[in-house]
Amino acid sequence: MRFRIAAQLASSTTSQKTMLCEQHQFVVSCFHARRYNIEIDLAQWLREQSHVRLNDIANSCSVPRCSVSRLGPRPSASSQTVRGVAADEECRMPSPVMTTEASNARVSELVNMSIAELGRQIRAGTVSPVRVAEACLERIDRLDPQLDSFITVTADRALADAHRAESELARGVDRGPFHGIPYALKDNVDTAGILSSSHSKIFADRVPTQDATIAAKLREAGGVLIGKTATFEFAIGGPSWDLPWPPARNPWNRNYLPGGSSSGSGAAVGARFVLGAVGTDTGGSIRWPAAVCGITGLKPTYGRVSRHGVHPNTFSLDHCGPMTRTAEDCAIMLGAIAGHDPRDPGSIDERVPDYRGSLTGSIRGLRIGLVRHWYEEHGHPELIAAMADAAEALRALGADVQEIVLDDLQDYVDAKTVISTAELFAVHEQDIRTRPQDFGRKLRMRVMPGALLRAEDYVQALRWRAELVTRLMQAFDRFDVLATAGWFAPADPTDPNGTDFFRSRLLATMPFSLAGIPALVVPCGFSRSGLPLSLQVGGRPFDEATVLNVGHAYQMATEWHLKMPPLERADTPESC
């Protein structure tokens with residue numbers, strides 16, 4: 001279909017024209033001309049929506065971004081729970097109480113274990129949950145100023161959780177394989193009595209009175225909460241330098257970004273600050289950080305993990321899931337958080353299997369559909385080579401790997417963009433009308449196009465989504481899982497003035513998001529510059545067990561997931 005725009009701006013102010021033309025250009029670039037027939041009279045829209053304070057919105061779009069130097073370093077302080085503050089106020093980090101003087105090497109040894117290995121050592125009595133929590137806090141205090149992966153470090157809570165786990169296990173009370181494991185939560189997840197800011201000035205002082213379901217489940221599983229991690233603003237607006245907290249950095253090189261929107265979770269797990277973290281994923285926000293931080297990340301089936309108490313991005317596409325070192329660790333963490341929750345309208349009452357027990361490590365005879373054309377058309381040469389090696393490794397494990405051609409990635413991206421833009425505006429409409437200046441610039445730029453969409457556009461996008469998903473699901477008539485790249489390139493450089501990737505990049509994560517099916521990212525190599533590359537595996541609805549087993553088998557045969565970033569050397573130069 002032809003994309004027609006009837007734009008009459010004669011009665012608009014210059015600032016309104018500038019702002020709306022920029023927003024409209026973004027909408028046009030995302031909605032392919034062949035797909036929609038949208039007519040928008042912007043002048044009429046301005047007259048009818050004058051109460052939205054468009055002058056404020058337009059003016060706020062030109063507010064200068066704060067610099068990293070304005071945010072300043074985060075010195076140690078005696079407080080053990082850190083709350084976010086405005087960009088022009090002092091930020092504080094905790095100085096955790098250490099019971100013993102441990103060398104950096106011993107700390108690294110403790111935090112470099114997998115969840116599975118740490119659990120074994122805790123139960124064998126060779127490692128104390130309290131000592132591991134202290135090691136995590138010490139490492140964060142010493143190294144996170146390089147990465148800014150945490151907004152809040154909950155040192156008091158962490159030590160209390162660890163002491164409780166140690167006491168319970170000593171009495172024979174075992175809550176399961178996550179008992180005593182240090183973890184972090186993305187800051188859009190509600191935590192009772194702890195700042196839950198979504199990395200936004202809008203929520204800079206928001207302290208919920210109740211835990212999100214996923215936070216409550218991890219506490220019930222005996223986990224040790226280390227803190228709340230940085231994110232893109234409301235899980236969509238970033239990376240941004242005009243927010244109360246700086247964006248997180250990549251643990252492999254702080255001059256590069258850790259992906260998003262679960263940026264802090266990816267950086268924290270990659271840096272070995274925690275053994276696992278919760279991320280959220282609408283179009284790839286668990287898998288992108290996992291891909292570029294060299295860790296393992298799982299987007300479960302839509303409805304598998306409750307989103308109650310998690311601030312929404314796009315109601316119909318939001319997922320929560322684990323980010324860990326290994327596929328086995330993802331299986332352990334998923335077992336702790338999966339399950340039906342009647343408080344989440346999207347939650348589905350489906351039996352939760354024993355994910356860890358399903359990890360046989362054998363994929364002999366498994367049919368794998370390799371979607372090579374996606375990454376060969378759009379991927380970095382080093383990623384293409386790494387994917388060829390990964391495919392051969394899967395074949396060597398006995399899998400039947402055959403190529404399959406699916407719809408063009410642009411179709412998935414366009415359909416998702418229309419849906420998300422409409423739903424994102426619905427989430428933030430009240431605040432964007434009344435206090436637009438309190439959002440970061442990038443979030444404003446992503447929310448505002450939703451005001452220009454018609455109900456017809458949203459419905460057509462939902463219909464288009466159904467068509468794309470139907471064809472994608474037909475691939476599982478031939479294959480047990482699909483494999484492709486997790487991300488098409490190494491991490492992006494840290495550049496406050498860089499190109500907005502939402503406007504310029506196709507995402508291999510998007511098809512599995514639209515379909516709501518499980519997808520796992522595992523590291524599959526490194527670029528010549530030392531940055532991680534990744535493999536993605538997608539499966540049938542609620543078949544996380546098979547997807548995780550493929551990742552587990554691959555990791556048993558390779559060592560990419562065992563590599564540790566060179567943070568201790570601190571030899572990457574400062575930038576911006």
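**Loop, helix packing and buried sites**

Pro239 lies in the loop between β5 (224-229) and α10 (263-270). The model is predicted. The protein chain has 20 helices and 13 strands. Of its 576 residues, 63% are buried. Among contacts in the chain between residues at least 6 apart in sequence, 80% join residues at least 24 apart.

- Most residues other than glycine have a negative phi, and most peptide bonds are trans.
- The peptide bond joining Gly238 and Pro239 is cis, with an omega of about -5°.
- Ser261 belongs to the loop between β5 and α10, and a cis peptide bond joins Ser261 to Gly260, with omega at about 5°.
- Phe234 is placed in the loop between β5 and α10. Although Phe234 is not a glycine, its phi is positive, at about 50°.
- Is Phe234 buried or exposed? Its relative accessibility is 3%, so Phe234 counts as buried, the cut-off being under 20%.

**The loop between α10 and β6**

- Arg272 is found in the loop that runs between α10 and β6 (276-281).
- Arg272 is not a glycine, yet it has a positive phi of about 65°.
- With a relative accessibility of 2%, Arg272 counts as buried.

**Packing of α15 against α17**

- Helix α15 covers residues 409-434 and helix α17 covers residues 455-474. Their axes come within 9 Å and cross at roughly 140°.
- The handedness of the α15 and α17 crossing is left-handed.
- On the α15 side, the contact is made by Asp411, Tyr412, Asp414, Ala415, Val418, Ile419, Ala422 and Glu423. On the α17 side, it is made by Asp457, Tyr458, Ala461, Leu462, Trp464, Arg465, Leu468 and Leu472.
- By class, the residues in the contact of α15 with α17 are eleven nonpolar and five charged, with no polar ones.

**Packing of α5 against α7**

- Helix α5 (residues 104-111) packs on helix α7 (residues 129-143) at an angle of about 115°, and the axes are 9 Å apart.
- The crossing in which α5 passes α7 is left-handed.
- From α5, the contact takes in Asn104, Val107, Ser108, Leu110 and Val111. From α7, it takes in Arg131, Val132, Ala135, Cys136, Glu138, Arg139 and Arg142.
- Six nonpolar, two polar and four charged residues make up the contact of α5 with α7.

**Helix α12 and its ends**

- Why is α12 described as largely enclosed by the rest of the structure? Helix α12 spans residues 327-337, and ten of its eleven residues are buried, so the rest of the structure largely encloses it.
- The buried residues of α12 are Ala327, Glu328, Asp329, Cys330, Ala331, Ile332, Met333, Leu334, Ala336 and Ile337.
- At the start of α12, the backbone nitrogen of Glu328 has a side-chain oxygen of Thr326 within 3.4 Å.
- Just after α12 comes Gly339, which takes a positive phi of about 140°.

- Ser420 is found in helix α15. Its relative accessible area is 8%, so Ser420 is buried.
- Which residues does Ser420 contact, leaving aside its neighbours within four places in sequence? Ser420 is in contact with Thr282, Thr314 and Leu317.
- Ala386 is found in helix α14 (residues 381-396). Ala386 counts as buried, at 9% relative accessibility.
- Ala386 and Cys524 are 138 residues apart in sequence, while their C-alpha atoms are 6.4 Å apart in space.
- When neighbours within four places in sequence are left aside, Ala386 is in contact with Cys524 and Leu533.

How values were computed:
Residues are numbered from 1 along each chain as its sequence is written. This is a predicted model: local features need pLDDT of at least 70, side-chain atom pairs count only at pLDDT 80 or more; totals for chains, interfaces and linings use all residues. Side-chain values use heavy atoms; hydrogens and water are left out. Buried means under 20% relative accessible area, exposed over 50%, partly exposed in between (1.4 Å probe, protein chains only). Helices (H or I, at least four residues) and strands (E, at least two) are DSSP runs, numbered from the N terminus. A polar contact is a pair of N or O atoms within 3.5 Å; within protein, one must be able to donate a hydrogen and the other to accept it, and residues adjacent in sequence count only if both atoms are side-chain atoms. Axes are lines fitted to C-alpha atoms, for helices over the stretch in contact, and angles run from 0 to 180 degrees between N-to-C directions. A crossing is left-handed if the near helix is turned anticlockwise from the far one by less than a right angle, and right-handed if clockwise. Contact means heavy atoms within 4.5 Å. Ala, Val, Leu, Ile, Met, Phe, Trp, Tyr, Cys and Pro count as nonpolar, Asp, Glu, Lys and Arg as charged, and the others, Gly among them, as polar.
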